[in-house]
Amino acid sequence: MELKKENCEITIDMLLIVHPEKRRTVQRDRQTDPAASLQCRGNKRTRNVAQTQHHQQTQVITSYDNQGTHLTVEIHPRNKTPQLLKKFSFDKRFQGDRNGNTRPQQPGGKDAHAYPWDRSSLKSMPLDLRQFEKLDAYASKVKVKSGLEELVKDLLQDAQTDLEKVRAIWVWICHHIEYDIVAAQEKDRRSYKPTDILQSQKSNCDGYAELFEKMCRLAGVHCMTVAGYSKGYGYQTGQSFSGEYDHAWNAVYLEGRWHLLDSTWGSGLVDPATTKFTFIYNEFYFLTHPALFIEDHFPDNKNWQLLKPVQSLRQFETNMYHKSEFYNKGMLSAHPETSVIKTVNGKATISIESCSPTLFMFMLNGKQENGIMTFKKNGMNLEVYPQTTGTHKLQIFAKGTSDLYSSVLEYTLECNSVDRSIQLPSELHQPVGPSWFSEQAGILKPSHPDPIIHTKDGRCSISFGVEEGISVLASLHDDEKITEETQRRYIFQLHGEKRTELKVQLPYAGKFALKIFAKKRLDPGNYVFIFNYLLCCSNTKVKWPVFPESFGNWGQDNELLEPLSGVLPANRNIPFKLKLHGVAEALVKGQDTWPLTLSQDGYWEGTCNTAGCREVYVMVLENANHNFYSYILKYKVTAQ
């Protein structure tokens, strides 16, 4: 390339593409004239590269910027043959600086990773994190030093490879430098000097990145600071980015390729509610796969995406944002792949695929309601029914090895219509329907594998296998008339040797949550919620009474055939038929006592009269040698 200015001719030996907004620092060859001037005009931008006062002496001017761009300019008198610049024989991925040292070029095609993510690894290079256990333990405990050189020397005494050096520096910064939330709230992007950071142990993202870069350089590792936009603290789903860049991170050169990391986000997080920083180490942002890093980091120079094809800023703004915990907890994909969802007929549907069984929960506008979430062995499905038009916030959480749920996805729902026929009970908790989780709790092979059960007459029977030593409990809930006292009275539970049956009859038409609880029989603790069914009945003629109340002596394998209603009419003869195991005698007690007789087919049968009584009990004598009876069932009698 050749440019002309006044009486001199300018030959540019090599020019690499640079980001136009970045400022260059020009270094002159010591043998050149102390001043030279060159202006390059293009795309309405003018750059001062050098100044010259003596045009008759050939000069060599070399320019670098902080991202490794190398510009060499030769200036010589008009009509003179340009001198031959010295050629260095470097690896094609390296270039020389003014002192003859080599450093990596900006990323090229060989650094690029395919987009979208191929699910192979969360990292940009093969890593076995177990190899870092001793190094991590040591690096996290190295004490802060007053000088950077002393710190790096102490930190890297057991680090042999460039990868180990980078890892040690990363771990130390993530465990010792606190994010300066006060400066962030004041939007103070002041410069943090490494010595000041070591003294205060606080910094903003620029300081994190600069400290990381300087420590890497002292360790002899090639490292660059990258500026750009981020979906970090204060980010709102779907927002646009413009103006000054709000974040900085690093790129390191390892094993012949560039890799990305963010020590600011690796160190912890800011709680939006308290605006306080907490050290919570996040492995995800160490050598992150570029196809995942681009979800919340958009560099000022597209080359630092390390992607092929690269993403536009518009794509960055509109693409679905999977939080780091999404991948940390083993999730692979989510649908839809956009952060803004428009409901269809008042419903929005979301699904997540994971590499292993995972527990999920959701919140719609901060509440766990108006949704049906079902678990799959490798993910979950969620249907959401907003009850008002407008914009809604949907958050999805996942649980890993700890007892805490972490936010993994956030959607904005735009609802133009409401499906009034779908009004779910507020007590319908998640998950809905049996799954791998209920199997894990000892509830097996359910008669109804689907989460929703429709009944025309208001009655249904649900059964499932139960592992030995597991006790199951059920209760019925709605948003109308069912009280805490009657939650279990609309369910009659029959225990077989290996299966449990739940006979359910609804008090009226509507939607109900049938909750299933379980615990180990010998465990003195409380029952634990496992899952629920959604029961639906549209028959307005339905009006079933409660079942009789059962007591602890209602034994396993007992069966009640009649009467199933827990409320008996007054002044009537009522037939009784039950299958009772391991009892010597059985009777019904009201105003008087009526014995039950054991039939040839194994049922205890008889009749009682409800005249003059308000309650009727079924009682059994378990041992013929005993003289006391146990209550097993209780009926109420209607007022005369």
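Student: Let's begin with two helices, then: what is the handedness of the crossing of H1 and H3?

Tutor: The crossing of H1 and H3 is right-handed, and please keep in mind throughout that this is a predicted model. The contact itself is formed by Leu135, Asp136, Ala139, Ser140 and Lys141 on the H1 side, and by Glu164, Arg167, Ala168, Val171, Trp172, His175 and His176 on the H3 side.

Student: How many of the residues in that contact are nonpolar, polar and charged?

Tutor: In the contact of H1 with H3 there are five nonpolar, three polar and four charged residues.

Student: And at what angle do the axes of those two helices cross?

Tutor: The axes of H1, which covers residues 133-141, and H3, which covers residues 162-176, cross at roughly 45° and come within 8 Å of each other. That angle makes H1 oblique to H3.

Student: Staying with H1, which of its residues are buried?

Tutor: Leu135, Asp136 and Ala139 are the buried residues of H1. If you look down the axis of H1, these buried residues fall within an arc of 95°, so they line one face of the helix. The face turned away from that buried side carries Glu133, Lys134 and Lys141, which are exposed.

Student: Why would residues a few places apart end up pointing the same way?

Tutor: An α-helix has 3.6 residues a turn, so residues three or four places apart point the same way.

Student: Okay, and what covers the buried residues of H1?

Tutor: The cover over the buried residues of H1 includes H2 and H3.

Student: Then let's move on to H2: which residues are buried there?

Tutor: In H2, which spans residues 148-155, the buried residues are Leu148, Leu151, Val152 and Leu155. Viewed down the axis of H2, they too lie within an arc of 95°, so the buried residues of H2 line one face of the helix. Glu149 and Lys153, on the other side of H2, are exposed.

Student: What covers the buried residues of H2?

Tutor: The cover includes H1 and H3, together with helix H5 (194-200) and helix H6 (205-218).

Student: How do H2 and H6 pack, in terms of angle and axes?

Tutor: H2 and H6 pack at an angle of about 65°, and their axes are 10 Å apart. The two helices are therefore roughly perpendicular to each other, and their crossing is right-handed. On the H2 side the contact is made by Leu148, Glu149, Leu151, Val152 and Leu155, while H6 contributes Leu211, Lys214, Met215 and Leu218. Seven residues of this contact are nonpolar, none are polar and two are charged.

Student: And H3 with H6, what's the angle there?

Tutor: H3 and H6 pack at about 145°, with 10 Å between their axes, and the crossing of H3 and H6 is right-handed. Here Val166, Ile169, Trp170, Trp172 and Ile173 of H3 meet Tyr208, Leu211, Phe212, Met215 and Cys216 of H6. The residues of this contact of H3 with H6 divide into ten nonpolar, no polar and no charged.

Student: Changing topic, where is Ser438, and is it buried or exposed?

Tutor: Ser438 sits in helix H11, residues 436-440. Ser438 has a relative accessible area of 2%, and since buried means under 20%, Ser438 counts as buried. Leaving out residues up to four places away in sequence, Ser438 touches Ile443, Ile530 and Phe531.

Student: What about Val618, where is that one found?

Tutor: Val618 is in strand S43, which runs over residues 615-621, and with 0% relative accessibility Val618 counts as buried. Beyond its neighbours within four places in sequence, Val618 is in contact with several residues, among them Phe576, Leu578, Leu587, Ser630 and Tyr635. The C-alpha atoms of Val618 and Leu596 are 9.5 Å apart, and these residues are separated by 22 residues along the chain.

Student: Last one, about the whole protein: how many helices and strands does it have?

Tutor: The protein has eleven helices and 44 strands. Of its 640 residues, 48% count as buried. If you take the contacts between residues at least 6 apart in sequence, 64% of them join residues at least 24 apart.

Technical notes
Residues are numbered from 1 along each chain as its sequence is written. This is a predicted model: local features need pLDDT of at least 70, side-chain atom pairs count only at pLDDT 80 or more; totals for chains, interfaces and linings use all residues. Side-chain values use heavy atoms; hydrogens and water are left out. Axes are lines fitted to C-alpha atoms, for helices over the stretch in contact, and angles run from 0 to 180 degrees between N-to-C directions. Helices (H or I, at least four residues) and strands (E, at least two) are DSSP runs, numbered from the N terminus. Angles under 35 degrees count as roughly parallel, over 145 as roughly antiparallel, 65 to 115 as roughly perpendicular and the rest as oblique. A crossing is left-handed if the near helix is turned anticlockwise from the far one by less than a right angle, and right-handed if clockwise. Contact means heavy atoms within 4.5 Å. Ala, Val, Leu, Ile, Met, Phe, Trp, Tyr, Cys and Pro count as nonpolar, Asp, Glu, Lys and Arg as charged, and the others, Gly among them, as polar. Buried means under 20% relative accessible area, exposed over 50%, partly exposed in between (1.4 Å probe, protein chains only). The arc is that of the directions from the helix axis to the C-beta atoms.
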